[in-house]
Amino acid sequence: MSKTKKQIQKTTFKGMIINLALTAAKCSVGYLSKSQALFADGIHSLSDTATDIMIIIGAKFWEQPADECHPYGHARIETLVTIIIGAALAFTALFIGWEAVISFNDKVDKNPGWIVFSIAIISIIVKESLFRWTISKGKKFKSSALISNAWHHRSDALSSIPVAIAVLGGYFFPNLKYLDQIAAMLVAIMLLKASWSIAHPGILEICEASAGAETKRFLKELASQIPEIKEIHAIRTRKIGGSVFADLHLLVDPKISVESGHKIGGKFKKMVLESNKDIVDVLVHIEPFA
Ligand SMILES: [Zn+2]
Ligand SMILES: [Zn+2]
């Protein structure tokens, strides 16, 4: 088992235990004190636990080196898992929003109370700490799934804020109705937004979006530093599991040998890989400069 995979699994496992504890606390307290917002937040923690399990199991597959069936490696499995995490969150958001809407006709109970407030505050503190810890691990191990899961923890922290505010509002303004439902709907909207920011980069990657103008500029700039390269064109980039793969044409003096042309290509590739850690492969096509 690779060191990175182990670290991804370890980091995610700790997050999963916390999510499981939050699920239990929010769902039971939300149910007993009839707070729809807190219960919804608990369902959300349950979906978080499920996505953690997916990362723990998935890391085993996407860290696998390239083989006969997957010559570009298995990193797109990570992309796929990232998109599923986003989609799962979007469905949770729609479910929570729908529950809030259909309960506007229900008889409004008394203010959910301080236990709901305490659970929400604890959740905010725990999730914010978990965000900071997970994102540092994600950056260290360059794992897009860990980084997206970290941002997810941050959105979880934010999503408990309306729950806490609804309790405070009910305490200071006892005549206000539907605070709990409104809080639940706010939770849903925040989650929907979070789900898009998680899934969007993965969707772009699956659709073969380029790595961006910045990468293209970088490759041109590097080519201009090698005098034997007369021109560079047909630059194409794409991402696989967050890493960049590039293919391009280098134009060289038509009179030089195949061997010299090959050397120039190799020199360029080495320079690229050494000076940009996001780029993991460059395919060079050598062409005569006319
Ligand atoms: Zn979440
Ligand atoms: Zn060409």
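Predicted model: local features only at pLDDT ≥ 70, side-chain atom pairs only at ≥ 80, totals over all residues.

Student: What makes β1 and β3 edge strands?

Tutor: The sheet is open, with three strands in the order β1-β2-β3 and mixed pairing. β1 (231–240) and β3 each have a single partner strand, so one side of each lacks a neighbour in the sheet. Helix α9 (residues 258–275) packs on this sheet and touches β1, β2 and β3.

Student: Why is the site of the zinc ion (ligand 2) called irregular?

Tutor: Its donors are His233 (NE2), His249 (ND1), Glu287 (OE) and Glu287 (OE), at 2.0 to 2.7 Å. The angles among the four donor atoms are 52 to 137°. Tetrahedral would need all angles between 85 and 135 degrees, and square planar would need the angles other than those of opposite donors between 65 and 115, so 52° rules out both and the site is irregular.

Student: What does the pair His249 and Glu287 tie together?

Tutor: His249 lies in strand β2 (residues 243–252) and Glu287 in strand β3 (residues 279–288), so the pair links parts 38 residues apart in sequence.

Student: Why is His249 called partly exposed?

Tutor: Its relative accessible area is 25%. Buried means under 20% and exposed means over 50%, so His249 falls in between.

Note on methods: Residues numbered from 1 in each chain as written. Chains lettered and ligands numbered in written order. Heavy atoms only, no water. Donors = N, O, S within 2.8 Å, 3.2 Å for Na, K, Ca; no water. Tetrahedral: all angles 85-135°; square planar, octahedral: opposite > 155°, others 65-115°. Helix = DSSP H or I, 4+ residues; strand = E, 2+ residues; numbered from the N terminus. Buried < 20%, exposed > 50% of the residue type's maximum accessible area, 1.4 Å probe, protein only. Pairing = 2+ DSSP bridges. Contact = heavy atoms within 4.5 Å. Axes fitted to C-alpha atoms, helices over the stretch in contact; angles between N-to-C directions.
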